[in-house]
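Colleague: Please take a close look at a single part of this model and describe how that part sits among its neighbours.

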Amino acid sequence: QILVNAKNAASKVREACHILNTGSSSFSRNAAIEELSFHSLRRKMKKKDVAPNGSFINVYGNDLNIHHGTAATIADIQAYQDAVELGYLEPYFDPCSTSRLADSKLTIVSQYASLNHNNGSQQFHWMARSIDAFDSGVARVNEQWYLLNQILLPVHILASECVEWKKWPGSQFYSLENLCEAIGIKLQDAEETIKRGVMRPELEEKPDNGTKTKKKKRSRGEL
């Protein structure tokens, strides 16, 4: 049943990606967005974090720890700045001079061409983009990223670590090969994804001396 559910989830992802990448009716499009999108808390972007030297940080090809919504907003700004530069146009908007920048409300993971031709796996060439980027056709959904990170990883962890298959007589034992066949991905890509693993938050450890520590007040959206 786990493999059946994984196969169905992969089919939904592929269908949603096809709808957004090719264009379809508004009803189908809304369902696809709901299937693939990440919802942002609409945080206000601080210039000292995203434009420390007067120009926006480059979110492509850099190891940055920022929210999806923030990355999507910066990616849209970078796309605008690139178009202005390539077209020798006069810019009408200076993002570094406005104080009203915020995270994109809804984001979807897109793909882009990497300068590193030795790495052919599209899951490593991904960027969160706003819904507008897909409406205008300038961004395409990274189907492989969703299959590997949103289906493969959670299903594999659940099936290999949380289920004792020997307690289920007559059931087919789980294997990574069977999961790859069910969701239609290459075994090599799956092994690379599992080796990389998932991101884990660095939580503050409790002191061993038993002393009480003052709790830090959490801001909205923090873990």
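Modeller: Strand β3 (residues 126–130) has 4 of its 5 residues buried, so the strand is largely enclosed by the rest of the structure. Buried means under 20% relative accessible area, exposed over 50%, and partly exposed in between, with a 1.4 Å probe and protein chains only. Strands (E, at least two residues) and helices (H or I, at least four) are DSSP runs, numbered from the N terminus. The model is predicted: local features need pLDDT of at least 70, side-chain atom pairs count only at pLDDT 80 or more, and totals for chains, interfaces and linings use all residues. Residues are numbered from 1 along each chain as its sequence is written, and side-chain values use heavy atoms, with hydrogens and water left out.

The partner of β3 is strand β2 (residues 106–111): 5 bridges join the two, and they run antiparallel. Two strands count as paired if DSSP finds at least two bridges between them. Along this pairing, Ser110 stands opposite Met127 of β3, and Gln111 stands opposite Trp126 of β3. In general, strands of a sheet pair through backbone hydrogen bonds, either parallel or antiparallel.

The open sheet here has 3 strands in the order β1-β2-β3, with antiparallel pairing. Its edge strands are β1 (38–39) and β3, each of which pairs on one side only.

Elsewhere, Ala32 of helix α2 (residues 26–36) is also buried, at a relative accessible area of 2%. Ala32 touches Ala16, Ile19 and Leu20, leaving aside residues up to four places away in sequence; contact means heavy atoms within 4.5 Å.
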